[in-house]
Amino acid sequence: MALTLYDYSNAPSPRRARMILAEKEIPHRVEKINLQTGEQLSPEFLAINPGGTVPALRLEDDTVLFENWGIALWAEAEKPEPSLLGKSPAEQGLVGSWTSKIDFAGTLAFAEAYRNSVPHMKDRSLTGVRNFPQIEALAERGRQRLEDFKALLDNRLEGREFIAIDSFSLADIWALTILDSCRWLKMGVDEKHPNLLAWHDHVSDRDSAEIW
């Protein structure tokens, strides 16, 4: 069976998987899962990923990886170059630290702000098979956290080309996908954070960074 990525183009999480596979130049086929119509909750897709989320990556031996961290670890082991997780123990620790920080300070903040505010996410404030109602206070908290997140990265990028280490890494993929999605909230990167803006312009030029 061919390597298969279950994807939805207009979402930040599957974009991370696409960027990982593109950076590694790992060939694969794509199967689109339409989140707008709820295809991720269909019996057919739940048989592939019971969590009802994308991305999911079905390997050639029929193993299914259902989180981006797992996809990244597999891809790094499958094709070590170019490295996205760092080469030395210190680099790997920095990439892991910054990627986790971006998930907590950025990914979760965006999810709070977006999923608790936009009309088409009514009763879908969390991913997965169970419905949860929107909470307005969480949307506002998410927006405030996103401002802190952008300031955090702007400070980190003072005098730096990339976020975690001196080469493009998983941390840059994680940050780019969330910051681009912040435009849906009219909170994209702007001149208030010059270091972050310069970084964003630079990494957006990569072939893997094509958005949709």
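Where in the chain would you find Pro-82? Select Pro-82 and you land in the loop between helix H3 (68-78) and H4. Keep in mind that this is a predicted model. Now show the backbone here: the peptide bond from Glu-81 to Pro-82 is cis, with omega near -5°.

Next, jump to Pro-55, in the loop between helix H2 (43-46) and strand S3 (56-58). Here too you get a cis bond, running from Val-54 to Pro-55, with omega near 10°.

Pick Asp-62, in the loop between S3 and strand S4 (64-65). Asp-62 isn't a glycine, yet its phi is positive, about 80°. Then hop over to Lys-186, in the loop between H6 and H7. Its phi is positive as well, about 60°, and Lys-186 is not a glycine either. Lys-186 is exposed, with a relative accessibility of 81%.

While you're in that loop, select Trp-184 together with Phe-110. The two rings form a tilted aromatic pair, 6.2 Å centre to centre with 55° between the planes. Phe-110 belongs to helix H4 (residues 89-115), while Trp-184 is in the loop between helix H6 (170-181) and helix H7 (194-203), so the pair links parts of the chain 74 residues apart.

Time for a helix. Colour H5 (residues 136-156), which has 21 residues and spans 31 Å from first C-alpha to last, close to the expected 30 Å. Its buried residues include Ala-139, Gly-142, Leu-146, Phe-149 and Leu-153, and the buried residues of H5 pack against H4, H6 and H7. Arg-145 is another buried one; zoom in and you'll see its charged end over the ring of Phe-104, 5.0 Å from the ring centre.

Last stop: His-200, in helix H7. His-200 counts as buried, at 14% relative accessibility. Which residues does His-200 touch, leaving out those up to four places away in sequence? Show Leu-176, Asp-180 and Val-189 to see its contacts.

Key. Residues numbered from 1 in each chain as written. Predicted model: local features only at pLDDT ≥ 70, side-chain atom pairs only at ≥ 80, totals over all residues. Heavy atoms only, no water. Phe/Tyr/Trp six-rings, centres within 6.5 Å; stacked < 30°, edge-to-face > 60°. Helix = DSSP H or I, 4+ residues; strand = E, 2+ residues; numbered from the N terminus. Lys NZ or Arg CZ within 6 Å of the ring centre and 35° of its normal. Expected span 1.5 Å × (residues − 1). Buried < 20%, exposed > 50% of the residue type's maximum accessible area, 1.4 Å probe, protein only. Contact = heavy atoms within 4.5 Å.
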